[in-house]
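Here is a short tour for a reader new to this structure. Take a look at the model, then read on.

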Amino acid sequence: MPVVVVESPAKAKTINKYLGDDYTVLASFGHVRDLPPKDGSVDTDADFAMKWEIAADSKKHVKAIKDALAADPNLILATDPDREGEAISWHLREALAPALKKGAQVSRVTFNAITKAAVTEAMANPREIDQPLVDAYLARRALDYLVGFNLSPVLWRKLPGAKSAGRVQSVALRVIVDREMEIEAFRAREYWSVHAVLATPRGQEYRAQLVSYAGKKLERYDLANEEAAHLAVSAVESRDLAVTSVASKPASRNPWPPFMTSTLQQEASRKLGLGARACMSAAQRLYEAGYITYMRTDGIDMAPEAVMAARDAIKARFGADYVPKSPRMYKNKAKNAQEAHECIRPTDMMLSPDRLNIEPEQRKLYDLIWKRTLASQMEAARMERTTVEIGSADAQVGLRATGQVMLFDGFLRVYDQGTDDDEGEDSARLPAIEQGEVASKRGVTPEQHFTQPPPRYTEATLVKRMEELGIGRPSTYASIVTTIQDREYVRKDKNRLFPEDKGRLVTAFLVKYFPRYVSYDFTADLEGELDDISSGSREYREVLRRFWRDFAAALADTSELRISEVLTAIDDALAPHLYPARADGGDPRLCPLCGAGRLNLKTARSGGAFIGCNNYPECRYTRPLSGPEGEAMGDTVLGQDAQGLEISLRNGRFGPYVQRGEATADAPKPPRASIPKGWEPAAVDLEKALMLLDLPREIGPHPEDGEPVQAGIGRYGPYVKHGPKYANLPEVDEVFTIGMNRAVEVLASKPQRGRAAAAAPLAELGEHPEGGAVQVLNGRFGPYVKWGKVNATLPRDLAPEAVTMERALELIAAKQAKGGKTTRKAPAKTAAAKKAPAKKAPAKKPAAKKTAAKKPAAKKAAAKKPASETAAKDAPAEG
């Protein structure tokens, strides 16, 4: 039987169902080879020769494929239809070459959807591996390695606390930092508008806005303050108004195009609250199950047969009026868009979401895709927009009322793209209004407004911006957005992305010393060259030679840099952010504590940076980079304790704290306590300082065993403690007031850990194919699937009661591929396994262990590679 290889076990199972017993379908679990994380993996002196190695957790998958090829030498590579999928096929062919018999046939098949028709057609039309696509992958992987492996150490040496840099990761970070700088430089401008509630002679009210004043058109900033606004209000109130014109014009709205990767991520974020990674994970499951077409694409065109199927579905569900006379065609406007693939669409247009028995998150995403696809081929929405002009007889004031009436909902019956903007008054309904009739005033009011800074990016809008700039590709968006958060360069708060101080420092460093390589245009042009390689019009080694020549020179220019020079340069670059202008016009760098020293950027021994006075140690003023200017913080004596030791309030590199006494030779580290979050340092007096320094506080003996119960503030916040058991408290202040009854209640509500009696399974799924029960349990970190010694945590979107045996086996396999514990076989197999080693010489056992221990780097790299197809393909992406 020919051996068919795909990326994931879920995909393998679906395809095997279509192909039947005539084929052996196996999963590679993503990439099987990668560049070792060490120097020389890309040899720049040997024309960029690349040294690959099979990851430790991939060896068993490769072996399984080799074993299958022993029975039938014909190999069919059916990985995904994109550049990354082509690369996986190439890696598999290279890794399996020694196992292929002479004359063995290796073919490549691709399908945009995992349906029986698509798979059958693909199997009937095999092809060779597309070498230009592979070359584009090789160039991309080499570039990412050369940038990451050579630039990251420069950051470590020259910028303490920095973690890594990447060819696209650093540019995406710059996009966020640049937006934050725009927001900080923004100065709000005040302006006013005037609105009136008017009524027709029949008593029907409507709302109008002042659009002309003193006989001329009113511009946005003409009413600059409250005084001007009230003068305008008086002008309207003192005049009789009448309707001067009523104009109604037909209008229409065309539907949005079907989804591609970036627009799907944007809508999933806006409507479902899904981040880029969660969106792509759910889409991956839908694709593997055969419900949607391939989800990594920047194409928005649809196959002709799919268009006709969509039109048939629309007619059947909504009637012929909703089907346009001719099919709609869409063209991508994104920079560097590759339209080799279809849009993201359902494989069966008649399959509505309510008919799918899948996880809730997947169903919601499918519903979004299904509706968007049908809407893209529906008739336009038709409406009537009405504009009413109202004015005074002397033409000194003019108002306008607008509204619209929906005549035919068209595609809006199914779907409308989400937006963060208010539709305003244009969407209001107007009563019947006739030209020349009196407009009675029911109220005239001024409204104050301020111009708003540009909004911070969300994951979705960052992806959109990257797409507009031509940075990254559909297969890399999710991993890039995730990486800059994992590196702690960016934090997400209420779905918005904020650059951390560490991210600002890295960006400032790269902009100063490597400006070309964090340039938007350069990165986009390089993506264009990679596209040229994939089309066969450019040679990939030539691209690498040209890039490396200039990049190596830039690296050499930083070799003699001192950390002090780097900090001075970054200090100057970030000055507007670090030292904002003072209200009194004074020097923003003047130390607010001593009044003589100047503030500058300093590094902490533990990494990171802070702002300090250059008069240290005479002046001990410090503050975090992102800390408020506020009051000067230095050593402030609060008083003395009962023993006469001085209690002081101080500010360190990690924030404000209180201290008892001074450091001495006998006590180099006097008692200290950090000021808890939520406490204002200026409000800390002697009493509060002593309360903090006296922690942990003993509440009393526990009523059951007499062991002391304590309350304190630890690494993870306020807590109560009884023996080895800790339980968190919701508020810091409760540490000082909590009594025994409340403490016992909090401790009792904390889930038991350690060697407590095992909780009853949430579900018993049955017997694993290799023996042993498969259960769903609730653990310390949430629900998980258990088989033998393998524990696989459930995804957040998967409820315990929704877990099937099929899904459980996928999670178990993925956990094993990540380096999970060895499995526990069925009793019969275990007994057989125990007998087997007796046939071998005992001396060979330690040798095997020693050999395995020789490759820690490979194991470490392999552990980072997720088993799922989505994550596995994202792993080698631009970092």
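**Two crossed helices**

Helix 3 (residues 83-96) packs against helix 5 at an angle of about 95°, with the two axes 8 Å apart. Angles run from 0 to 180 degrees between N-to-C directions, and axes are lines fitted to C-alpha atoms, for helices over the stretch in contact. Helix 3 is therefore roughly perpendicular to helix 5. The cut-offs are under 35 degrees for roughly parallel, over 145 for roughly antiparallel, 65 to 115 for roughly perpendicular, and oblique for the rest.

Which residues make the contact? From helix 3 come Arg83, Glu84, Glu86, Ala87, Trp90, His91 and Arg93, and from helix 5 come Gln131, Leu133, Val134, Ala136, Tyr137, Leu138 and Arg140. Contact means heavy atoms within 4.5 Å.

**The model and its chain**

This is a predicted model, in which local features need pLDDT of at least 70, side-chain atom pairs count only at pLDDT 80 or more, and totals for chains, interfaces and linings use all residues. Residues are numbered from 1 along each chain as its sequence is written, and side-chain values use heavy atoms, with hydrogens and water left out.

The protein chain has 25 helices and 32 strands. Both are DSSP runs numbered from the N terminus: helices are H or I with at least four residues, strands are E with at least two. Of the 879 residues in the protein chain, 46% are buried. Buried means under 20% relative accessible area, exposed over 50%, and partly exposed in between (1.4 Å probe, protein chains only). Among contacts in the protein chain with a separation of 6 or more, 66% link residues 24 or more positions apart.

**Nonpolar cores**

In soluble globular proteins, nonpolar side chains tend to be buried together. A nonpolar core here is a set of buried Ala, Val, Leu, Ile, Met, Phe, Trp, Tyr and Cys residues joined through side-chain atoms within 4.5 Å.

The largest core holds 95 residues, and Leu151, Leu159, Leu462, Phe509, Phe514, Phe551 and Ile570 touch the most other members. Helix 5 (residues 131-158) gives the largest share of this core, 13 residues. Ile570 touches Leu159, Leu505, Ala508, Phe509 and Leu601, not counting residues up to four places away in sequence. A second, separate core has 64 residues, including Ile15, Val119, Val307 and Ile358.

An open sheet is formed by 4 strands in the order 2-1-7-8, with parallel pairing. Two strands pair if DSSP finds at least two bridges between them. Strand 2 and strand 8 (106-108) are the edge strands, each pairing on one side only. On average, neighbouring strands of this sheet are turned by 25° against each other, direction ignored.

Strand 1 (residues 3-6) pairs with strand 2 in the parallel sense over 4 bridges. Val4 stands opposite Val25 in strand 2. From strand 1 the chain crosses through helix 1 (residues 9-19) to strand 2, and this β-α-β crossover is right-handed. Right-handed means that, with the strands pointing away from the viewer, the path from the first strand over the helix to the second runs clockwise.

**Loops with marked residues**

| Residue | Phi | Relative accessibility |
|---|---|---|
| Asp47 | about 55° | 31%, partly exposed |
| Glu488 | about 65° | 44%, partly exposed |

Asp47 is in the loop between strand 4 (42-43) and strand 5 (49-50). Glu488 is in the loop between helix 13 (477-486) and strand 16 (490-493).

Is Tyr621 buried or exposed? Tyr621 is buried, with a relative accessible area of 2%. Tyr621 is found in the loop between strand 19 (609-613) and strand 20 (622-624). The C-alpha atoms of Tyr621 and Cys594 are separated by 8.1 Å, and the two residues are 27 residues apart along the chain.

Leu695 and Pro696 are joined by a cis peptide bond, with omega about 0°. Pro696 is in the loop between helix 19 (686-693) and strand 25 (697-701).
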